[in-house]
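Here are some notes for a colleague who is opening this structure for the first time. Please read them with the model in view.

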Amino acid sequence: MSTPHSPDEFLDRVRVVLLHTTHPGNIGAAARAMKTMGLRHLVLVKPKIFPSDIAVARSSHADDILDAAVVVETLDQAIGDCHFVVGTGDRTRTVPWPLYRPREMAEHARALPSSQSIAVVFGREDIGMTNDQMMQCNAQVQIPANPDYSSLNLGSAVQVLAYELRMAALGDDGQTAGRRDWDEAPATQADFERLVTHWQQSYLNAEFLDPNNPKAAMTRISRLLARAELDQIEVNILRGMLSTLDKWVARAKAGD
């Protein structure tokens with residue numbers, strides 16, 4: 001049975017992650033967009049210039065968001081403790097990732113158990129997110145902009161998704177949306193990355209993967225696992241199965 005929670009409780013579990021932002025004004029614009037919709041947590045992955053007076057000016061009195069912003073060196077550090085990570089962009093991927101429209105993404109995030117933390121990741125202004133960065137996410141969100149002119153600046157993109165997250169928090173009728181519970185703690189993104197790394201090494205040991213091009217298969221395996229939204233027990237079960245496989249492979253090779 002779903003239990004109501006305040007919009008602030010949900011929005012407090014959401015962090016906005018900006019990757020390698022090149023212009024400090026865009027950081028300020030993102031902070032302003034966040035504050036107007038009640039989002040508070042900003043993480044900056046290796047920004048070119050920060051802190052900056054330009055960012056403060058563009059934030060239009062959202063400097064409290066900037067003051068509390070966390071600066072890290074890698075995407076892993078930004079999202080490792082999160083449970084649902086969605087990357088933004090309008091690029092078509094060689095291997096399509098689970099894809100949401102902004103409203104679908106926000107509603108899915110709001111329906112997650114209240115123990116789960118959420119990250120929305122935005123790439124660098126000129127190139128967006130790389131395929132490797134997107135593979136670290138559970139899903140992709142795409143803003144359905146005009147196909148003849150789909151270029152959104154960073155602040156605008158943050159505003160669109162922040163708005164949808166707030167609307168999901170409020171619910172369709174203006175009341176607080178419900179949530180669904182789960183019997184085990186969800187896996188974090190760090191748990192997921194360790195599982196994928198273990199999976200790849202086990203498959204390499206078993207000579208299932210091409211050692212010169214393991215990503216060809218691992219990209220699809222990662223996508224499959226991302227869609228499953230694993231909890232910690234499920235991750236442990238899968239890693240236990242891989243450990244058993246490792247032992248069988250080691251014995252077989254020793255017998256040779």
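1. Helices and strands here are DSSP runs, numbered from the N terminus; a helix takes at least four residues. The model is a predicted one. By that numbering, S202 belongs to helix α9, which covers residues 189-205.

2. Stay with S202. Is S202 buried or exposed? S202 counts as buried, because its relative accessibility is 1%. Its side chain makes a polar contact of 2.7 Å with the side chain of D246. Leaving aside residues up to four places away in sequence, S202 touches L242, L245 and D246.

3. Next, the sheet. Seven strands make an open sheet, ordered β3-β2-β1-β6-β4-β7-β5, with parallel pairing. Strands β3 (70-72) and β5 (99-100) stand at the edges. Each has a single partner strand, so one side of each lacks a neighbour in the sheet.

4. Look at one pair within the sheet. Strand β1 (residues 14-19) pairs with strand β2 (residues 41-45) in the parallel sense, over five bridges. V16 has L42 of β2 as its bridge partner.

5. Helix α8 (residues 154-170) lies across β1, β4 (84-88), β6 (118-122) and β7 (139-141). Helix α8 runs at about 155° to β6.

6. Last, the cysteines. C82 is buried, with a relative accessible area of 0%. C137 also counts as buried, at 0% relative accessibility.

Methods. Residues are numbered from 1 along each chain as its sequence is written. This is a predicted model: local features need pLDDT of at least 70, side-chain atom pairs count only at pLDDT 80 or more; totals for chains, interfaces and linings use all residues. Side-chain values use heavy atoms; hydrogens and water are left out. Buried means under 20% relative accessible area, exposed over 50%, partly exposed in between (1.4 Å probe, protein chains only). Helices (H or I, at least four residues) and strands (E, at least two) are DSSP runs, numbered from the N terminus. A polar contact is a pair of N or O atoms within 3.5 Å; within protein, one must be able to donate a hydrogen and the other to accept it, and residues adjacent in sequence count only if both atoms are side-chain atoms. Contact means heavy atoms within 4.5 Å. Two strands pair if DSSP finds at least two bridges between them. Axes are lines fitted to C-alpha atoms, for helices over the stretch in contact, and angles run from 0 to 180 degrees between N-to-C directions.
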